[in-house]
Each structure stands twice: as C-alpha cells, then as structure tokens.
Amino acid sequence: MSTENEGTAVPPAPSAPPPAPVDAPAASAYQGHPAPGAAPDPAPSAPPQAPAQNADQGYGSGPQGPMGETGWGPHGAHGGQDPTASPSAPDASWPPPPPPSTPSYGDGGAGHGSGGWGSPSPQPAPKSGGGRGRMLAAVLVAALVAGGAGGGLGYTLAKENDSNGSTTVSASTSGGNVKRDPGTVAAVAAKALPSTVTIEAESSSGEGGTGTGFVFDKQGHIVTNNHVVAEAVDGGKVTATFPNGKKYDAEVVGHAQGYDVAVIKLNSAPSDLNPLPLGNSDEVAVGDSTIAIGAPFGLSNTVTTGIISAKNRPVASSDGSGSQASYMSALQTDASINPGNSGGPLLDAQGNVIGINSAIQSTSNGGFGTGQAGSIGLGFAIPINQAKYVAQELIKTGKPVYAKIGASVSLEDATGGAKITEQGAGGSEPVDPGGPADKAGLQPGDVITKLDDRVIDSGPTLIGEIWTHKPGDEVTITYERDGKERTTELTLGSRVGDS
C-alpha cells in the first residue's frame, strides 16, 4: 500500500483469509513538447510499459502498504527503505523481521507490488516545494479558473433566460440552510471534523511528513499511526493543527511499531476538546457504510465515503527504519484513502470510530508526477478495539504490550499454515522453554492452521491474529503434526516493548 503509512505495502493474498494495509515510482505524467522548429521525435511503435511499482508489503493479490503521510525531505516522510532483516524464523510473540519484499511505510502513499508475501517497499516521497508543488498548484488553479468561467457564463445565461420569461424555480433553502439529519455523511462529518487533526512530524535532521490523528480524550491525547510520528521520536518535532486553524506543539507519549499505533499529547491542550466516540469493530459487518477523514497529499480535512469491503484482512508492512514489521488483521474499505490519510479515523454511519486508517493497495503509477500512488478502492484500517487497548497501554506506561505464543514461525507463504521453525531467531530455541507454546505441547515442525475459528495460512497471518488478543487470553490452536490434525488449548503470554 504505495501505501499510506502511505507507502507501506501489504503481503500477497493468503489462501485463507484472503488478504487485501504501498507506493511506487509513478511514470511521468507529462512529456514536454519539442522546441519550435525541432523535428518531433519518432512515435514509439508501442506505448512504453510503466515500471512495476514498489509498495509496502501486505497480503493480497497485489502489493499493499501502509498509507503513508505526505512526506518531505531527502528521503520522504518515512524512508521507504526495504527491511533487510532475515525473516526465516520470527517469533510469533513479536513481529519477526519483515518478510522478504515487505514494503516500508512511506509518507509517500500506499502502493503494492506484485507477487510474494508482500509488496516491495515504496519509493521515498518527493521533497516539498519544487516542480511537483508547482504542477499540482497549476492543476488546482486551472480547475478553479474553469469553474469561475463556467459560473460567470451560467449566470449570464440565467439572467437572459429570466428576461425572456423563464419558468425555472429557485429553491427556498440551500447550502447552510438545509437541516442535515443525524446519520447523513454531512452530519457525521460536521461532528467529527473538529476532533480530527493534521499532524506534521519532523526529525532532528529536517525530514518528516504529514499524517492525521483524532482526539482520544479530554486530556489532549491524540491517536495516530506509529509511522506518522516515527521520524520525530528521537529529538524531533510534532505539531497538530485543528480544522479551525489552531496549531499546537505536541510530544510523543508512546509508540508501538508492531501495531503501528502511536499516541501524542498536545502541549497546553484546550479545555473544550471533544473526543471522538469509539465504536465496536468486532460488530462491524461487510457492507456497512464508512467515512474516512484525513489529509490526503496534504489536503487537510478531507472526507471520503465507502463501505466495509472485507474484515480480518491479514496485512503486514514496514516503515523502512528497521527489520521489524507491523501486522494487523485489518478492516478493508473502499473509502478513498491516500498518502496523508494515515492515522485518521475510519467512522461508521453514526460517527463512531471503528478503525485507524493505516495502509492502501495501489497501482504502480502515482500520476501527476508525484511518485506516489493513490487509492484504487482498497484501504486498510487497524480495528479500533485493538487500537484502543494499545493506546491505553501507551498512555499508562509509554510502552506497548504484545500477546505471544512463545514460538518462532516461518514467514514463508508456501507452508499452508504457520510452521514452527527448527531454529529460533538469533540462534534461540524455536519454542521458548516453559512458554505458552511449550506448555501447550507444540513442537518445532508443527504447522498451525487455525487460531480459534480463524484460518491461519502463514506466519504473518498468525501474528496478526495473535495481536488481536490480549495477554492472558485463552485460545484454541489447531495444528498438523506428521500428517495428523490436532488441537490444544493455549494461554497467551506477554512481551513488553518493541525491541
């Protein structure tokens, strides 16, 4: 997904739960004309083929990636480097190194590559200013000028028609005079926008990007994606701007790279904050209406609509800053989501937050010469039930807490499940002695095919499912050993921190 962690990709679709939460270099959208008098270049015999787009990894038929923020600086918002750590034996208790070709988050957008477990990492977002900005500005200005000319022509014709006895009827109410009933998109947007902020994060070296967040409580805590603020964690700067133009400095309270969730707190937070109501993502159904709010390509306070097009979509992506990846069992939506939407709320028809927009799957061509891909109707959000738990832990302790089974699993996608490796990460034991998996009787070579009633088709899918639970939860594990299917009960353990 170029993905919006904008810029992180999602892995290819697993055989079961089909995957669906990134950026690739876009082919030039403009070609110059030959100088006067110069002979035109010969027309190509066939249109050139656009290069494949790099994207964050994710599950699905195409590459997916986190929806990055709009980035600036030499490397874009979030780097966009492909993780290099070996994924051979990750620990299911903590995200193993990103699988091969796992895309990295880039503020540059969600893009997807092809093949494999996930898409390639997205390209860095373009620097702010420069030709891209001027070109986009030119496009917007042209649209405005055209609109103005059309309006003037329409007014002239209407006036002439009135003088000739026109029988058109004017509406008695329009625009702001119309009552927006609760549940309409306009009513939901009017209530939610004042509690949604545009976040700008900048590292100490000046690199950064733009994302979105929403008011979590009256104390000034704002929830967003980890990849939105990752650049500012060590000595950087974070600001949050409300739709009314008020801008506040903020600090990162805590961040969870594996969950891709972060919490910032406003300095001198206003007393009239209105937290957005949190819904129940477990009760969401495919076909339910959705409303997304964010700052796609830096265009703050943008509202888009769609539906929930799938649930429990395995998605994995990386922010390009290290070897670990983020995993989620995501809500999939066709609401338009682009780079800059990362961290923004995904709302239901009543205005309740049901997810945090985090990644998108996209084609390889970003268009407009931006180098960032845009929405093709496949966006991914972290379910709010999981994000709420993570945010509360970050506010309490500043560190994330992960559920784990205590076993290393393969990240390859050809195992027909999550296979416990013969050797653990870094030479450790593949099954932690005395850990949850050990107590449940699991052994190296076992292939886990179900967690409760959820089909597990790969290691990344298992990790995403484990992280929808809390430490201490009891789950039923179905696995295969020596060609025979078996089941066992397992109590999930815990791991504190991202390292």
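Me: Which residues of helix 2 are buried?
Reply: Keep in mind that we're looking at a predicted model. Helix 2 covers residues 185-192, and a residue counts as buried when its relative accessible area is under 20%. In this helix, the buried ones are Ala-187, Val-188, Ala-189 and Ala-192.

Me: How many aromatic pairs does a search of the whole structure find?
Reply: Rings of Phe, Tyr and Trp pair if their centres lie within 6.5 Å. Searching the whole structure with that rule, the number of aromatic pairs is five.

Me: Are the rings of Tyr-259 and Tyr-402 stacked or edge-to-face?
Reply: Their centres are 4.4 Å apart, with 15° between the planes. Planes under 30 degrees apart count as stacked, while edge-to-face needs over 60. So with 15° between the planes, the pair of Tyr-259 and Tyr-402 is stacked.

Me: How many residues apart are Tyr-259 and Tyr-402?
Reply: Tyr-259 sits in the loop between strand 8 (247-256) and strand 9 (261-266). Tyr-402 belongs to strand 16, residues 401-404. The pair therefore links distant parts of the chain, and the separation is 143 residues.

Me: Why is the pair of Tyr-402 and Trp-467 called tilted?
Reply: Stacked needs planes under 30 degrees apart and edge-to-face needs over 60, with the rest counted as tilted. The ring centres of Tyr-402 and Trp-467 are 4.7 Å apart, and the pair is tilted because the planes are at 45°.

Me: Is Trp-467 buried or exposed?
Reply: Trp-467 lies in the loop between helix 6 (459-466) and strand 20 (474-481). Its relative accessible area is 1%, and the cut-off for buried is under 20%. So Trp-467 is buried.

Me: Which backbone oxygen lies 2.7 Å from a polar atom of the side chain of Thr-488?
Reply: Thr-488 is in strand 21, residues 484-491, and is buried at 12% relative accessible area. Its contacts beyond four places in sequence include Leu-442, Val-475 and Ala-440. The backbone oxygen at 2.7 Å is that of Ala-440.

Me: What distance separates the C-alpha atoms of Phe-297 and Gly-340?
Reply: Phe-297 is in the loop between strand 10 and strand 11, and is partly exposed at 24% relative accessibility. Phe-297 and Gly-340 are 43 residues apart along the chain, yet their C-alpha atoms are separated by 5.3 Å.

Definitions and conventions:
Residues are numbered from 1 along each chain as its sequence is written. This is a predicted model: local features need pLDDT of at least 70, side-chain atom pairs count only at pLDDT 80 or more; totals for chains, interfaces and linings use all residues. Side-chain values use heavy atoms; hydrogens and water are left out. Buried means under 20% relative accessible area, exposed over 50%, partly exposed in between (1.4 Å probe, protein chains only). Helices (H or I, at least four residues) and strands (E, at least two) are DSSP runs, numbered from the N terminus. Rings of Phe, Tyr and Trp (its six-membered ring) pair if their centres lie within 6.5 Å; planes under 30 degrees apart count as stacked, over 60 as edge-to-face and the rest as tilted. A polar contact is a pair of N or O atoms within 3.5 Å; within protein, one must be able to donate a hydrogen and the other to accept it, and residues adjacent in sequence count only if both atoms are side-chain atoms. Contact means heavy atoms within 4.5 Å.
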